[in-house]
Amino acid sequence: MSESHQQPALARCPGCEEPPASGDLFCGACGYDLSAVPARPDDRPTIAITVPPAAPSAPAVSPTGPPAPAVPPSAAPPVPDAPAPPVAAVQWPAASETDSSDVPAPVHRATDLPGTDSGGKPLPTTPPVRHDDRAAAVPAAAEPAAEPAEPPYGTNSPDTSGDFALAAPDPRTAEPTPTPAAGTKVCVACRSGRVDPDGYCENCGHAQPRERDHMEQELGSVAAVSDRGLRHHRNEDSFAVSSTALPDGSPAVVAIVCDGVSSASRPDEASAAAAVAANEALLESLPRGTHPQQAMHEAIVAASEAVNVLAQDPPGAAEHEAHRHQNAPACTLVGAIMAGGLLVVGWVGDSRVYWVPEDRTGPPARLTEDDSWAAQMVAAGLMNEAEAYADERAHAITGWLGADSYELEPHTASFKPDRPGLVVVCTDGLWNYAESAEEMAAAVPPEAHLRPLHGAQVLVGHALDGGGHDNVTVALLPFTVEQQGAGSACTTV
């Protein structure tokens, strides 16, 4: 009969740390197989790894004769195991205390104390090499006798300044990109790269603003500026400025400003179509001798027809199916004509015309009345102007150009100023921040009649500084009169 091996008694189960009962082969708590626990190894003295092994003993030397022969290991008498010599305690340097600035004390590094490797040799105490310090990284003995004047292009070897050479030319020293040829669109960011058909710069990759986001035009004595504003994702305003001659050879200056109705479909297309159509109609009728006020009326009708055409889907135009159940394209329009000593204005909607005299001691005036809910409340005597325009329905328009307008009612008015001044034609994106005539006059720079483009830029900036909640468009027409002492006349239709 074979003799079974007696397992040592366990104080606790290796699986759950519960004390097993005497003689149990399995833990009563977790079922751990106690018979599978390996036997405890024989105890061996711990050897200090910091103590290097003893060197081989040298032959004994007799003081009076030759050295005694070494005793072979087999003949050496057995020496009982002696206890290992005590290891000296490591003397750690004292860490500095935290000062009053609450800066943490420095941390000891491995190189702060000497040590030995596995063979008993002292470890080197050389401080760590800083890779950004070229002098420390390359020992003096290892430096080459001579270095090339310039490192090979494309290598990453450090230069004398501590920087690494770039794989591409350094933009700080690279030659400037040649200016694109005339007629090529230039990047607004780097001012040198050509813009590809997708609207990105081929030099710096900057996305270019859309053409209608900001537009400026100066034509003789008339100028206009249009900006997208700070809140809208596109510019739905449009304008047209032009000049022509009457049959007697006297000049005629025209400014048309249109504001797309955001709640309608394709408002940007509607405003652009209306501005172009009204401007073309005036350039055709004024040279024929049509009275400027009648020409303005006909121009508004032509603009309305152009916007109505946008609502008619061409046969097979599937891209317009998404707009079939939306409001038809719509916009407002306001315009001004200076011809033959007259100032003629026309409008449909809530865009406005202001008169600002060159001599600021004279009173400014607003020359149009809004087609809006607020204006109707004031005209009916139901509210005063402050109450009406404070209502959330104030800017709901009651007149516009578009296929779904109830009835087209163009408004025109004719004035004969007796003094020089400035005509301000603008959308509500501007007059929302300068509503009254006095506020508008205060926003117009004093030299605007001499520099109309600069004046228009200043007014657009005034709206943007105020919040830029809407698209902003303004046209300025300086009005000059001959010093004849004539009075003024006004006719409104």
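**A hairpin, a sheet and a helix**

Modeller: In this predicted model, Ile-337 stands opposite Val-344 in strand S6. Strand S5 (residues 330-339) and S6 are antiparallel and share seven bridges. Two residues lie between the strands of this hairpin, and Gly-340 has a positive phi there, near 60°. S6 spans residues 342-348, and six of its seven residues are buried. S6 also pairs with strand S10 (residues 411-415), again in the antiparallel sense, over five bridges. There, Leu-343 has Phe-415 of S10 as its bridge partner.

Now to the helix, by way of another sheet. Six strands form an open sheet, ordered S1-S2-S12-S11-S7-S8, with antiparallel pairing. S1 is joined to S2 (residues 222-227) by six bridges, and the two run antiparallel. Leu-219 stands opposite Val-222 in S2. Helix H8 (residues 452-466) packs on this sheet. H8 touches S1, S2, S11 (421-426) and S12 (472-479), and its direction makes about 145° with that of S12.

H8 itself has 15 residues. From first C-alpha to last it reaches 21 Å, close to the 21 Å expected at 1.5 Å a residue. Its buried residues are Pro-452, Leu-453, Gly-455, Ala-456, Leu-459, Val-460 and Ala-463. Why do they lie on the same side of H8? They do so because they cover an arc of only 165° around the axis. An α-helix has 3.6 residues a turn, so residues three or four places apart point the same way. The buried residues of H8 pack against S1, S2, S11 and S12, and also against helix H6 (428-431) and helix H7 (437-443). After H8 comes Gly-467, with a positive phi near 140°.

Next, the core. The largest nonpolar core has 31 residues. Val-424, Leu-430, Met-440, Leu-459, Val-474 and Leu-476 have the most contacts inside it. H8 gives the most to this core, with five residues. Take Val-474 in detail. Neighbours within four places in sequence aside, Val-474 is in contact with Ala-456, Leu-459 and Val-460, among others. Its contacts also include Ala-223, Ala-224, Val-225, Val-424, Val-425, Cys-426 and Leu-430. A second, separate core has 27 residues, including Leu-246, Val-307, Cys-331 and Val-348.

Terms used: Residues numbered from 1 in each chain as written. Predicted model: local features only at pLDDT ≥ 70, side-chain atom pairs only at ≥ 80, totals over all residues. Heavy atoms only, no water. Pairing = 2+ DSSP bridges. Helix = DSSP H or I, 4+ residues; strand = E, 2+ residues; numbered from the N terminus. Contact = heavy atoms within 4.5 Å. Axes fitted to C-alpha atoms, helices over the stretch in contact; angles between N-to-C directions. Core = buried A, V, L, I, M, F, W, Y, C linked by side-chain atoms within 4.5 Å. Buried < 20%, exposed > 50% of the residue type's maximum accessible area, 1.4 Å probe, protein only. Expected span 1.5 Å × (residues − 1). Arc of directions from axis to C-beta.
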